[in-house]
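Work through the exercises below with the model open beside you, and try each task before you read its solution.

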Amino acid sequence: MAQNGQNTTEQYYRPPIVTVMGHVDHGKTSILDAIRHTNVQEKEYGGITQHIGAYQIEHNSKKITFIDTPGHAAFSNMRARGGKAADIVILVVAANEGVMPQTKESIMHAKAAGVPIIVAINKMDTAGADPNKVKQELASENVLVEDWGGDIVSVPVSAKTGEGLSNLLDAVIALSEIMEIKADPAGELEATIIESRLDAKRGVTVSAVIRNGTICVGQDVSASGYEARVRSLMNDKGEMLKNAGPSTPVEVLGFNKVPNVGDILVEKGSELAELAIDENRVEIVGKNAKRTVAVVVRADTQGTLEAVKAGLANLVTESVGNTFALKFLLTATGDITDSDVLLAHNAKGVVVGFDVRVTPAINDLADNLKVPVKTYKTIYELVDDMKVLLQGTAFDVESKIKGRAQILKIFRLSSGDIVAGCKVLAGALKEGGRISIYDKNPADVKKDDEPLYTGTIRKLKKGKDEIALVGKDNECGVLLKPIFEGIAEGQWIEVR
């Protein structure tokens, strides 16, 4: 339903919506603050700004909207609806540190959402800044910048001195023009919710960025299955608005209940209204349980989906003493998507599918994020596997393990010491820690089973270096006190 009864399909270029992602302490917030502060001074807004999760600037007479809430949540909470929180991702990498774990995670989120990347190599003012090393490490993650034979723009910047920030904004404008981002101010209202909360004084506040159409005071809207009449609109400069068009960040008052971040906001009665119904509202089966397992469920048809849900719910109701519960993050028909994997990753959950497909790309994403994804041809097998999971003998049982490793090789030194080459499979091993050794997986050990050995980790070695702690998926050398002469390959170390 178009605004004011108009029915037009005329498209206009709209300002790009940009989010900034990267590793902690690499300067995401500093860059956003520096861009905003410079623009506020230039436009003489007197520094009066309102934090609503996003802001809009002008650069060379062209507008850019920045989402300044945490980037990952906006992507992973988009569910499986094809929506995008942003048009462009600025990936911030510190020139003195390079690619780090959250950098890799940011890259995966951007690729999974299908959003193009611009690399901002930050902290060029610091000692040890090495942009070439950054580019090489990015190439290892299949992010090829232009001078490494790719098509991704990289810009050296310093949030501290302001170096390169204008060039970064130039790159955003240039990429947005290539992308030909369009919207229709008179078309269907579609906005992405980037923040929502219950304020003690003002009630439910919803921050959103308009992607298409226009939102107006007095308009009836819906989001996450909740309806509201827009009571007021405010922009990031604290100005009260009567309406707001494409790419405008606004704070909306009028909802009585808090809609979900990542969901879309539309006009009541719109053709898009079905998408604004929160079909995926989190449902928990089993209350006051000792353990809760988060799960995303996909099935080929609505009928089988309901059958799968019923089967899983029965597992919970049949459990003794409310020992476990199921948290349905998403239940939907269709093939497993990257959004399903990201959603499960956020909640440390699992993805199960009945008679649906998983592409190699989604399997790769799941492997990288260590999210269990399994598909089945019979409901019996699916329910049976979930029963094992709920009973704590699979997947997330690792969270309760202090440390577990398997011995891969034995080295007997001329000094008389014995070094056990191990791989840590869960938890961590630490110097001085008390351990037991078993001849089988400790998960299969019964209460009455005695360990082969009980002692202390005297030293941990990584190559020639002594280290204090070794975490999951890492290999190390372990020296024990007292020495265990019966130590052998294939045995298991369990932290007590």
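This is a predicted model: local features need pLDDT of at least 70, side-chain atom pairs count only at pLDDT 80 or more; totals for chains, interfaces and linings use all residues.

Residues are numbered from 1 along each chain as its sequence is written, and side-chain values use heavy atoms, with hydrogens and water left out.

**Exercise 1.** Determine where Ile121 is found, and decide whether Ile121 is buried or exposed.

Solution. Begin with the element: Ile121 belongs to strand β6, residues 117-122, where strands (E, at least two residues) and helices (H or I, at least four) are DSSP runs numbered from the N terminus. Next, take the relative accessible area, which is 1% for Ile121, so this residue is buried (buried means under 20%, exposed over 50%, and partly exposed in between, with a 1.4 Å probe and protein chains only). Then look for contacts, meaning heavy atoms within 4.5 Å: not counting residues up to four places away in sequence, Ile121 touches several residues, including Val93, Ala95, Val134, Lys135 and Pro156. Finally, compare sequence with space: Ile121 and Pro156 are 35 residues apart in sequence, and their C-alpha atoms are 4.7 Å apart.

**Exercise 2.** Find which residues of helix α4 are buried, and describe how they are arranged around the axis.

Solution. Helix α4 covers residues 131-140, and Val134, Lys135, Leu138 and Ala139 are buried in it. Viewed down the axis of α4, the buried residues fall within an arc of 140°, so they line one face of the helix; the arc is that of the directions from the helix axis to the C-beta atoms. Just after α4, Asn142 has a positive phi of about 60°.

**Exercise 3.** Identify the strands at the edges of the open sheet of 8 strands.

Solution. First write down the order, β13-β12-β18-β9-β10-β17-β14-β15, with antiparallel pairing (two strands pair if DSSP finds at least two bridges between them). The edges are β13 (226-229) and β15 (240-241), each of which has a single partner strand, so one side of each is left without a neighbour in the sheet. Within the sheet, 3 bridges join β14 (232-234) to the antiparallel β17 (249-253), and Leu233 has Val252 as its bridge partner in β17.

**Exercise 4.** Name the strands that are joined to β26.

Solution. Strand β26 (residues 434-438) has 4 of its 5 residues buried. It is joined by 4 bridges to the antiparallel strand β27 (residues 453-462), where Tyr453 is the bridge partner of Ile437. Strand β26 also pairs with β31 (residues 492-495) over 4 bridges in the antiparallel sense, and there Trp492 is the bridge partner of Tyr438.
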